[in-house]
Amino acid sequence: METPHGWLVAFLITVAVETPIVVALTRGHPTAAGRRALIAVFAQLVTHPLVWFVFPRIVGLTGRSSLALSELWAWLAEAAFYGVVLPGISPARALGVSAIANAAS
């Protein structure tokens, strides 16, 4: 069973890896870099606990299918969030930013 401490360590690593990628890939957007960093952290804060604590406990999912579904969730949810809170970002760019950041972590 995953522990809150284990989750926190994994979350901090995720934030350290994904946040600079999101900021770099959204360069040129009128939103300030610091705000884009906070947006990335918030997106991860929304998705990461579900990936860590909920998806592994869904009855009927194997380890691989749970992992695939949770990663799909994180990618699409974070992309949707970027599309909503970063005005003018195209859906394709939001999907790409989220995909690259999630693949890196």
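**Burial and helix packing in a predicted model**

User: In which helix of this predicted model does L50 lie?

Analyst: L50 lies in helix α2.

User: Why is L50 called partly exposed?

Analyst: The relative accessible area of L50 is 31%. Buried requires under 20% and exposed over 50%, so L50, at 31%, is partly exposed. Leaving out residues up to four places away in sequence, L50 touches F55, P56 and W73.

User: What makes T31 buried?

Analyst: T31 has a relative accessible area of 14%. The cut-off for buried is under 20%, and therefore T31 counts as buried. T31 is found in the loop between α1 (4-25) and α2 (33-54). Its contacts, apart from neighbours within four places in sequence, are R36, I39 and L86.

User: How do you know that the side chains of T31 and H29 are joined by a polar contact?

Analyst: The side chains of T31 and H29 are joined at 3.0 Å, and a polar contact calls for N or O atoms within 3.5 Å.

User: Why is α3 called oblique to α4?

Analyst: The axes of α3 (residues 63-85) and α4 (residues 91-104) cross at roughly 135° and come within 8 Å. Roughly antiparallel would require over 145 degrees, and roughly perpendicular 65 to 115, so α3 is oblique to α4. The crossing is right-handed.

User: Which kinds of residues make up the contact of α3 with α4?

Analyst: Residues of α3, including W75 and Y82, meet residues of α4, among them L95 and N102. The residues of this contact divide into nine nonpolar, three polar and two charged.

Notes. Residues numbered from 1 in each chain as written. Predicted model: local features only at pLDDT ≥ 70, side-chain atom pairs only at ≥ 80, totals over all residues. Heavy atoms only, no water. Helix = DSSP H or I, 4+ residues; strand = E, 2+ residues; numbered from the N terminus. Buried < 20%, exposed > 50% of the residue type's maximum accessible area, 1.4 Å probe, protein only. Polar contact = N/O pair within 3.5 Å; in protein donor to acceptor, adjacent residues only side chain to side chain. Contact = heavy atoms within 4.5 Å. Axes fitted to C-alpha atoms, helices over the stretch in contact; angles between N-to-C directions. Parallel < 35°, antiparallel > 145°, perpendicular 65-115°, else oblique. Left-handed = near helix turned anticlockwise from the far one by under 90°. Nonpolar A, V, L, I, M, F, W, Y, C, P; charged D, E, K, R; others polar.
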